[in-house]
Amino acid sequence: MKTVFSGLKPTGEMTIGNYLGAIKHWPLSQSKDNRTIFFVPNSHALTVRQSPEDIKTRTLDLVAWLLTAGIEPSKSIILVQSMVPAHAELFWILDNYVTMGELSRMTQFKDKSQKLGPEGQLVGLFNYPVLMAADILLYDSNEVPVGEDQVQHVELTRDIANRFNKLYGETFVLPKATIPNYGGRVMSLDNPSVKMSKSDHPDSYVALGESAESVVNKFKRAVTDSDTQIRYNKSEKPAISNLMEIYAGFSGMSLEEIENKYEGIGYGEFKNDLGELTAEKLSSLQKDFEKYRSNEIGLMSIIEEGSQKASAIANKKLSEVKNKIGLL
Ligand code: TRP
């Protein structure tokens, strides 16, 4: 049996990038042979200032999106980080098995601290990969499906686990990041060299909750490459390749099938079809989302039950760790 574990931060509106690159793939690992655990790392959201109301709302939004994507509470454990205190406890312990140097080399921290310099950054932002390591290691996770930007953090998690195991004997399972073949990094619609992000210009991303009209318009305005062919080539044709990945993600077609379908057809028509396809998929997802999201009592009972199950697993691992290092 292997354990598959992942989560998504509730820091902003969800985009099609979060869906195609992450949560859409998670339900596929639900099977009798796997233990699947999905969580909302709401404590991670504290590294970005947002109102208490927003954190709460977005946490429940995310749980509803997980259910919409097909994660079933009867097959997977769904938990909320702050409801399982073992995450914070192991985090502190692991902080003492990782160096400032290692954390300084994390590209996400380097990118995020570039504007203001490291001096003014919150320690939480610096430390954040260690909390992530605690999340992963508490559950003996074998596979961690993530987007490309998180691979480095999973590798750091392996290093920390390995170091700890060498000092105290086998304690942690070494996790492996798994990334989708494509769709793992949906890029901005107005600049295919940066990742799609809700903190950029509204024209650059499509939110999961967006109206059909707005979706179609955004794809119409999406940048394309200089020639006219619908052909997948990430380095030579980054813009159209990105749009093709989105098309593949929503249609289930392969990139090759898309190339064949659009042979001799121009960008305009392709972008129009893509807009309509995406709008149609989103509208059906939005209906499911509303159904789950409007039942807040139902959502709370799912996460209470999930967090209880998770605590049982996590507390066992935490006790083992505390025992080994001499904490009463
Ligand atoms: N760091 C991830 C992100 O920003 C979220 C996350 C936190 C996570 N802990 C995790 C993902 C553990 C996978 C496993 O999206």
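Both faces of strand β3 are covered: Ser 76, Ile 78 and Val 80 on one side, and Ile 77 and Leu 79 on the other, are all buried. Here, buried means a relative accessible area under 20%, exposed means over 50%, and partly exposed lies in between, with a 1.4 Å probe and protein chains only. Strands (E, at least two residues) and helices (H or I, at least four) are DSSP runs, numbered from the N terminus. The model is predicted: local features need pLDDT of at least 70, side-chain atom pairs count only at pLDDT 80 or more, and totals for chains, interfaces and linings use all residues. Residues are numbered from 1 along each chain as its sequence is written, and side-chain values use heavy atoms, with hydrogens and water left out.

Strand β3 is largely enclosed by the rest of the structure, because 5 of its 5 residues are buried. Strand β2 (residues 34-40) is mostly covered, with 6 of its 7 residues buried. These strands pair, and two strands count as paired if DSSP finds at least two bridges between them. β2 and β3 run in the parallel sense over 5 bridges. Across this pairing, Thr 36 stands opposite Ser 76 in β3. β1 and β2 also pair in the parallel sense, over 6 bridges. Lys 2 has Asn 34 of β2 as its bridge partner.

The side chains of Glu 143 and Lys 2 make a polar contact at 3.3 Å. A polar contact is a pair of N or O atoms within 3.5 Å; within protein, one must be able to donate a hydrogen and the other to accept it, and residues adjacent in sequence count only if both atoms are side-chain atoms. Contact in the wider sense means heavy atoms within 4.5 Å. Not counting residues up to four places away in sequence, Glu 143 touches Lys 2, Thr 3, Val 4, Phe 5, Lys 176 and Thr 178. The C-alpha atoms of Glu 143 and His 25 are separated by 13 Å, and these residues are 118 apart along the chain.

Gln 81 sits in the loop between β3 (76-80) and α3 (86-94). Gln 81 is buried, with a relative accessible area of 2%. A polar atom of the Gln 81 side chain lies 2.9 Å from the backbone nitrogen of Ser 43. Leaving aside neighbours within four places in sequence, the contacts of Gln 81 include Phe 39, Val 40, His 44, Leu 131 and Asp 135.

His 44 and Asp 135 also belong to the ligand site. Of the 14 residues around the ligand, His 44, Tyr 128, Met 132, Asp 135 and Gln 150 come nearest. A residue is near a molecule or strand if one of its heavy atoms lies within 4 Å of it. An N or O atom in the side chain of Tyr 128 is 2.5 Å from an oxygen atom of the ligand. For Asp 135, a side-chain N or O atom is 2.7 Å from a ligand nitrogen atom. Gln 150 places a polar side-chain atom 3.0 Å from a nitrogen atom of the ligand. The protein covers 94% of the 360 Å² of accessible area that the ligand has on its own. Accessible areas come from the Shrake-Rupley method with a 1.4 Å probe; for residues, only the protein chains shown count as cover.

The elements that give two or more residues to the ligand shell are β1 (2-7) and α6 (123-137). α6 gives the most, with 4 residues. By class, the shell has 8 nonpolar, 4 polar and 2 charged residues. Ala, Val, Leu, Ile, Met, Phe, Trp, Tyr, Cys and Pro count as nonpolar, Asp, Glu, Lys and Arg as charged, and the others, Gly among them, as polar.

Two aspartates lie in loops. Asp 140 is found between α6 and β4 (143-145). Asp 140 is partly exposed, with a relative accessible area of 27%. Its phi is positive, about 50°, although Asp 140 is not a glycine.

Asp 225 lies in the loop between α8 (212-221) and α9 (238-251). Asp 225 is buried, with a relative accessible area of 15%. Its side chain reaches the backbone nitrogen of Ala 239 at 3.1 Å and that of Ile 240 at 2.8 Å. The C-alpha atoms of Asp 225 and Ala 239 are separated by 5.8 Å, with the two residues 14 apart along the chain.
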